[in-house]
Every structure is written in structure tokens, then in C-alpha cells.
Amino acid sequence: MLLLYYNYYEVEKFVETGRQDRAVQVTTNGYQGLYCFGEKRDLGLARAIGEFHPTFSQNEKSYYSTYGHVEKLAREIEKGAASVEGVEAKLWQVPETLPEEVLAKLGAPPKSDAPIITPNELPEADGFLFGFPTRFGSMAAQFKAFFDATGGLWRTQSLAGKPAGFFYSTSSQGGGQETTPLTSITQLVHHGLIFVPIGYTFGGGMFEMEKVKGGSPYGAGTYAGDGSRQPSELELAQAFHQGKYFAGIAKKLKGSQ
């Protein structure tokens, strides 16, 4: 079932992205969008996705990063997960959705060398950590496009019962450090995923008041500012903690099955 409707942009071409997802990818005057159930979704800049692989279970973390801030958190989360005995961490990227000329205008750095993942590979994992920058207080449209492509997994509930969490980046203190993960929980709910926040398990680092620090009980976070600010040592430590904490919980859940 394909649902298209008139848009202000002239439609140059369209390609069915998957009948089971009832979606059509459209290029309109050089601008890409995803038309799904009659609603236009801005595809944006989706970047990277990661996966945890305990030797007896698999857990996935995914992240989107345009300028590298979320990717740096992901690398620390990967280390934290790998510090748990029996857990192997692997990073992935979701497909880019913007043309190279647009990325160049945005000043986006080259892509990571992490392999690109497809929705059909998600069921191989036993848990997920999704990371992305904010866009007006919710996940960036790029990563939402990836979730929009998981309709087949939703229909079969292939991800139900598995743990999942979030990490993120915002440009300012009021930019969505809590609303971004909060509004993203709907994606987990429809898939039957179990949300695993870090709470206040990071200890004293959660109460830092003298220095700027991203993150919240929802998960690790950082502030990008105008793009020049990089994750602080404390923010990276929180990311490492999240990876270790989440991997430990995923290992327990897998072991109880």
C-alpha cells in the first residue's frame, strides 16, 4: 500500500522502500523525504548505529551523529559494554539520507568506518542502546527514519522483551537533554522493548554543578554548543558507565531465559 499526497515540492521520482513498511522514499527537488501513512517524514542526517554481542546473548546500541559528538559517546559506551565479561560490543552505522553536497554545506565530517546496518539485522541482538542528537526536543529525523523502516519487525514483534536505552547530544542546556529520550520512548513501546535508564547509578557525577555536564537519569549525554565543544571527561565517564551498566542488565536478562 503506497500513500502519496500533493506536496509543495515537485516530485522528481519515487522508490518503494518496502511494502511491509507502507512507505515511499521521495526525492523532491533534491530534498529527500519519507512518505509513510500519508505523513511526510524528514529524513535528515542519520549516521551510526552500534551493537552489543555478549557471547551468550546479543545487545544492540544505535546512535546517530552528524559532527561526531554522539559517536564519541558511543565509543565510550562500547568500551563500557566490553568491560563486562562475556560481552562483545560492535558499532554500526545507519544509511546516510542526505546528499553529499548538503553534508558538505553543513560542514559534516567524513563518515565513520563502522559498517552500515539494516533493520532486518536488529533481531540478532539481545538489547539496544540508541544514540542521536536532538531536533527540537526529540530524536533527529534521520534516526526516526530508521525506526520508520522497522515496520516488519513491529508486525512480528521480533524485538519484544529486549532491553533498550538512549544517549544523546544537544546544543544547549535547554535543548532537550530530557525531552529527547522521553519523546523517544514511544519507539520502544510499540516494539515491546524494555526501557533501561541509568537512573542515578552514576553516583556523584550526576550532581555536578560547577561544570557544564550533559546527561540525565535517562542516559548519557553531552552538549555540542556551536559544534566546537567536545564531550568532557565527566560526560565520557558517564557514557562508559552506561555501557557497562546496560550490558550487565542485558546479560542478566539473557541468563534468566
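Buried means under 20% relative accessible area, exposed over 50%, and partly exposed in between (1.4 Å probe, protein chains only). The model is predicted: local features need pLDDT of at least 70, side-chain atom pairs count only at pLDDT 80 or more, and totals for chains, interfaces and linings use all residues. Residues are numbered from 1 along each chain as its sequence is written, and side-chain values use heavy atoms, with hydrogens and water left out.

View 1. Helices (H or I, at least four residues) and strands (E, at least two) are DSSP runs, numbered from the N terminus. Because seven of its eight residues are buried, β8 is largely enclosed by the rest of the structure. Strands pair if DSSP finds at least two bridges between them. β8 runs parallel to β10, with six bridges; P133 is bridged to S169 of β10. β8 runs antiparallel to β9, with two bridges, and R135 is bridged to S138 of β9.

**View 2. The β8–β9 hairpin.** Two residues lie between the strands, and F136 in the turn has a positive phi of about 55°.

**View 3. F167 in strand β10.** F167 lies in β10 and is buried, with a relative accessible area of 0%. Its C-alpha atom is separated by 6.8 Å from that of F132, 35 residues apart along the chain.
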